[in-house]
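I opened my notebook to get to know a structure I had not seen before.

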Amino acid sequence: MGAASIGHRSDSSVRGRLVSDGRVRLALGVLGCVALVAIFAPMLAPYDPRLQLDISHLQSQPPSFAHPLGTDTFSRDVLSRLMYGTRVSLTVALVAVFLSATFGTMLGAIAGYVGGAVDAIVMRVVDAAFSIPAILLLIVVIALWGNLSVVTLTLLLAGVGWFTISRLVRAETLAIRDADYVVAARALGASGWRVLTRHVLPNAIGSAVVSATLSVGNIILLEAGLSYLGIGVRPPTPSWGNIIEEGSTRLSDVWWLTLFPGLAILVTVFACNALGEALRDALDPRQLLPAHDDAPIRMNG
Amino acid sequence: MRRYLAARLLQALGVVIFVTTFAFVMIHLAPGDPIAAALARPNITDAMRQEWRTAYGLDRPVGEQYVRWVANTARGNLGFSFSHRRPVRDVFADALPNTLLLSGLGLVLSFAIGIVVGVVQAERPGSGRDRWLGRVLLVLYSVPDFWLALVILMVFAYRLPLFPPGGMTDAVMYEYLSPGGKLLDRARHLVLPVMTLAILTAAGVARFQRGALLAVLPSDWMRTALAKGLSWRAAVARHAFRNALLPVITLFGLAVPAFATGAIFVEKVFSWPGMGLVVVNAIAARDYPLVTAGVMLLSVLVAACALLADLAVAAADPRIRLG
Amino acid sequence: MTPPLLEIDNLHTFFYTDNGVARSVDGVSLHVDAGETVGVVGESGCGKSVTALSILRLIRPPGRIEAGSAIRFEGKDLLTLDDKAIRQVRGNRIAMVFQEPMTALNPVFTVGDQIAEVARIHAGMSKRDAMAKAIEMLRLVGIPAPEQRAYEYPHQLSGGMRQRVVIAMALVMNPALVIADEPTTALDVTIQAQILELLADLTRRLGTSILLITHDLGVVAENCSRVVVMYAGEVVEEATTPDLFAHPHHPYTEGLLGAMPKVGGTAERLATIPGTVPPPTVWPAGCRFRERCAYAWDRCATEHPPLYQIAEGHVSRCHLAAEPERRAHPHQPIAAQPGVTAA
């Protein structure tokens, strides 16, 4: 039974497990809807998110037919702000995760493959970074630098997101580095870069994707948290976090302003986490294999 | 064991050095300097600022400033808070016990709940109760901390006014209460923030405990335990649980960062006068020394907790203790 | 005639995996008489370990023992016992010795504790009495300074010592049957002999029967009175040890014997049998050994061979019993032909 046939079989069963997993369908459905809202916000939103509808009274109205999610304290339509906020929050999270995943994967693969001092330095930095909550690092940077553009915020979020992925990819790389076929490829004169891109990365990509999917949720939460503290995405640009922040001062009466954006975050992050877990289970189905089998016979080493 | 101890201590020290250096670099890279930021009022002349700079040694070379910064930090001299108009250290001395009270209660409660839920799930993996609890936990795990705090506040303090909406004590009545009444008042103020923290962290602990148990269930020694005649429940409760507890102790250390984060939001939402609220208010007040020192202190606390957790694991795991 | 101590009758144990149903044990019948040591040999994946685990119902999902199987022991069918009753058999009347002494012992409990646990479960001993019993057992299996060793953890003991601990654990309740699943595979050659000697000596003194699962015919030759050869989930040959070694009938057994090193050494033990065991999800229709067999003919592709009686107490699952003249004309097995890789 050749390696190719094993690989093929597990590939198709990974897909099979994903397709048959209810979590995947639910998560993809939710994320698809959220993405559609983000993309078509200008068309879907009933009002201009910055338009103050009733500038003379500036009163928040509870949810009604005209404003399904009510209006905010500046008399703006919450649904429209939420839709545009989806755009901002989702873009920030996706771009940040893409950047951090790419960087983390490359760094992890290089550290694991090269080993030695490079590996030691990268891993010590990761250890140190792990021991400090990301939000604390961000608070210091943002508080000292003051007003940050959304682009800078995205870069900062990417900057604190790569640790987990690089650690995972490094572990995978270490495991694969000394596999027979990698050693053979090297012996046949393949360059380090070629071995890295042809053999190491394809094997590490699974766990990188799982980790990236899970970190989309984390980054959304992080951005929302910073925006809630008033140092993330700043008004009047709407984001899920800063709409909640606006509502948090009027919890006793303007409850809709806090409730709905939070639900949007919850549903989106839940979908990301569910998808990430389903991916992980599909790629790592050890618990589905027979618990006991004959031990491998010791033949020819 | 001794080698392990030394390595682990060195690592914790590395984190502390990293954090302090990071804080120093941040302050120096930031636009302007602490004096400019703090004394940005128009009635202060450039000459006065220059005088201040000299007084604080900000005109010295960066290397010298760094050494002085480290020395001061080590002595507990964390700078002067402009918004509180008193030394940072004094501000922290007031806030830290409040944070420790809130976090300590939250940690104990969340681990108690989390471990029980995780064991209940893992004992019958894939069963109906495992799947349902798993879904609930994933929802809780996906919930934004500050939003959960806000919703709890909204429901239990405003819609159903069962508990006070914030603070540690009743602002008006506390002084007039009997000792027992004072205690009750404090307890009532603790309920919502502790509950929020406990729910948030318990979800993570339960997921971790379940995973740790599931990881050891296929072990050969579980099969041995069953072959001896132990019931599945007894084998899980005795053999698997003892093994799965080790990673949970590590998690205790790792949960502290999450707690520091949670504390920031929970303290802000419930106006709990702890470290988190101090830091958050300092951001708004642009009180940089306070922000930096606060973050530094929280980070060092986190590193210390992780260290303690690892030492606890080393003490509990015979393979490390005697290896 | 007294019934055998253990009688496995038509055992089917299947695993329901994503890649199909693995019929790991597919109609195995064998028996062990009181005081007897029976060897079960076969390559990795032949179902011998699953058979062993099935006896004590230690098969976990997705594995399942199929209806129609029976495992009779001391007058009871183990497969119909309720949970409580089977637990009273496990570790008490039937004990197991596992392959890897490192992983078979729980790393966070002392070895004494783990041995004492058996006495506490089945004899209801107090903590103190059970520990005394554990120390006594450690002394019995030849561990020096047992009073000290009992309070040590598995990682502080050598591999051989650990396996002695596992044996001590198995013998606490003086069981009627010990199932030893590759008890020496993970150990050094010199230690292997010691452990087997210890097991044989103790069980002889205690009158215990042993079901010895192994891939090593050398181990069988020295320890067993009777041998069951398994291949691809089935019994393919059964005979007394001298008979099997002198007159192997099944080509697979022949292959195993031919591959045995003459003097020591473990390298290339099975190298002379070309090909590998087919995966248990897709057993071939006819003879499961056909592709690796030097005598296979068309009958073997279509007709699944039954167990033919060869001599008194000697059975073989090979059509050669019906057409013995074919043994004169061996040919290149399909699996050894160039360009053919096993399915």
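My entries below go from one chain, to the contact between chains, to a single residue.

Entry one, the model. I noted at the start that I was looking at a predicted model.

Reading along the sequence, I wrote the pattern down as α-α-α-α-α-α-α-α-α-α-α-α. I then checked burial: of the 301 residues in chain A, 47% are buried. For contacts in chain A between residues at least 6 apart in sequence, I got 70% joining residues at least 24 apart.

The contact takes 36 residues from chain A and 42 residues from chain B. On the chain A side, the helices that each supply at least two residues are helix 5 (116–130), helix 6 (134–145), helix 10 (192–228), helix 11 (240–248) and helix 12 (255–283). Helix 12 of chain A gives the largest share of that side, nine residues. I sorted the chain A side by type too, and it divides into 25 nonpolar, nine polar and two charged residues.

Setting aside neighbours within four places in sequence, I have L133(B) in contact with V117(B) and Q121(B). Last, I checked L133(B) against A285(B): they sit 152 residues apart in sequence and 43 Å apart in space, C-alpha to C-alpha.

Conventions. Residues are numbered from 1 along each chain as its sequence is written. Chains are lettered from A and ligands numbered from 1 in the order in which they are written. This is a predicted model: local features need pLDDT of at least 70, side-chain atom pairs count only at pLDDT 80 or more; totals for chains, interfaces and linings use all residues. Two residues are in contact if their C-beta atoms, placed from the backbone, lie within 7 Å. Helices (H or I, at least four residues) and strands (E, at least two) are DSSP runs, numbered from the N terminus. Ala, Val, Leu, Ile, Met, Phe, Trp, Tyr, Cys and Pro count as nonpolar, Asp, Glu, Lys and Arg as charged, and the others, Gly among them, as polar. A residue is buried if 20 or more other C-beta atoms lie within 10 Å of its own, exposed if 12 or fewer, and partly exposed in between; C-beta atoms are placed from the backbone.
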